[in-house]
Amino acid sequence: MKTIAIIDDDVPIGDMLEELLTKEGFVVIRAYSGTEALYLLEKQRPDLVLLDLMLPGLSGEELLPHIIGIPVIVISAKIDIRDKVSVLFSGASDYITKPFDTRELLARIAVQLRKGTNPSALLSAADVTLDPLSHAVTAAEIPVKLTRTEYAILKLLLQNPGQAVAKSVILDRISIDTPDCTESSLKVHVSNLRKKLKEAGGRDYIEAIWGIGFAFAVKS
């Protein structure tokens, strides 16, 4: 049974969504502010997040970079195209404006959940490709041999292309596969990964985001 997190301070809309999703067979968890959502997502990992942007405390835009590896559908009253483009480039999977048709929302949810049910799908951004089945990695069609830790870091960054991923998030997400990676050694692993990809593809694919972490650069 899939779990959906509703992060919205509008209680009537949240209640309506919870009733709708529960009838569709989903488990629903809720948060009413960005700060509460951070705590909730540390304790539980839903299959999808419905995120309002205008939240008390930490806004939806500020919260979005902390939601890694989970599809996020933004539900907002903001209709300006610049708002939509901004959050989509910041990592949101989809954007729907209030008021919305519940049938359309359910369809968008189904699409995002269907995307997440194929863990063996190729990950690709720019001209770097990672095959989760064979663990093969190529840059500009040239094979790149990576260590286990380098592979885990690249996989996470490719799942969130163009999005800054915090160092703490990287360490947390790769800890199961690479428990030997520490905060002090992460920079070395990323440096080695960057060097290997650059030697194959001829450009920098990973950029350091000052004070945050690292991102896979989708543009040269």
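A92 touches L64, V72, V74 and V87, leaving out residues up to four places away in sequence, where contact means heavy atoms within 4.5 Å. This is a predicted model, in which local features need pLDDT of at least 70, side-chain atom pairs count only at pLDDT 80 or more, and totals for chains, interfaces and linings use all residues. Residues are numbered from 1 along each chain as its sequence is written, and side-chain values use heavy atoms, with hydrogens and water left out.

**Two loop residues**

- A92 lies in the loop between α4 and β5; helices (H or I, at least four residues) and strands (E, at least two) are DSSP runs, numbered from the N terminus.
- Is A92 buried or exposed? A92 is buried, with a relative accessible area of 8%; here buried means under 20% relative accessible area, exposed over 50%, and partly exposed in between (1.4 Å probe, protein chains only).
- From A92 to A5 the C-alpha to C-alpha separation is 14 Å, and the two are 87 residues apart in sequence.
- I79 sits in the loop between β4 (72-76) and α4, and I79 is exposed at 62% relative accessible area.
- With neighbours within four places in sequence set aside, I79 is in contact with K84 and T97.
- I79 and I170 are 91 residues apart along the chain, and their C-alpha atoms are separated by 33 Å.

**Nonpolar cores**

- The largest nonpolar core has 32 residues, and L154 and L197 have the most contacts inside it. A nonpolar core is a set of buried Ala, Val, Leu, Ile, Met, Phe, Trp, Tyr and Cys residues joined through side-chain atoms within 4.5 Å.
- Elements that give two or more residues to this core include the strands β6 (123-125), β7 (128-130) and β8 (137-139), together with the helices α6 (148-158), α7 (167-174) and α8 (183-201). Strands β10 (165-166) and β12 (213-216) are also on that list.
- Which helix gives the largest share of this core? That is α6, with 7 residues.
- L154 is in contact with V128, L130, V137, L146, L193, L197 and F216, leaving aside its neighbours within four places in sequence.
- There is also a second, separate core of 19 residues, with I29, A31, A37 and L55 among them.

- I81, V85 and F89 make a nonpolar surface patch of about 330 Å². Patches are made of residues with over 30% relative accessible area and no salt bridge; like charges are joined within 9 Å, and nonpolar side chains (Val, Leu, Ile, Met, Phe, Trp, Tyr) within 5 Å.
- The accessible areas come from the Shrake-Rupley method with a 1.4 Å probe, and for residues only the protein chains shown count as cover.
- I81 belongs to helix α4 (residues 81-89) and is exposed, at 57% relative accessible area.

**Salt bridges**

- Side chains of opposite charge can pair when their charged atoms come close.
- The count comes to 11 salt bridges, each being a side-chain nitrogen of Lys or Arg within 4 Å of a carboxyl oxygen of Asp or Glu.
- D94 forms a salt bridge with R108, with the closest N and O atoms 2.7 Å apart. Because D94 is in strand β5 (residues 94-97) and R108 in helix α5 (residues 102-115), the pair ties together parts that are 14 residues apart in sequence.
- D94 is buried at 16% relative accessible area, while R108 is partly exposed at 23%.
- R108 also forms a salt bridge with E104, where the closest N and O atoms are 2.6 Å apart. Both R108 and E104 lie in helix α5, 4 residues apart, about one turn of the helix.
- E104 counts as partly exposed, at 35% relative accessibility.
- D101 and R103 meet through their side chains in a salt bridge of 3.0 Å, N to O. D101 is partly exposed at 31% relative accessible area, and R103 is exposed at 63%.

**The open sheet**

- Strands of a sheet pair through backbone hydrogen bonds, either parallel or antiparallel.
- An open sheet of 4 strands runs in the order β6-β7-β8-β9, with antiparallel pairing; two strands pair if DSSP finds at least two bridges between them.
- β6 and β9 (142-143) stand at the edges with a single partner strand each, so one side of each is left without a neighbour in the sheet.
- β7 and β8 pair in the antiparallel sense over 3 bridges, and T129 stands opposite T138 in β8.
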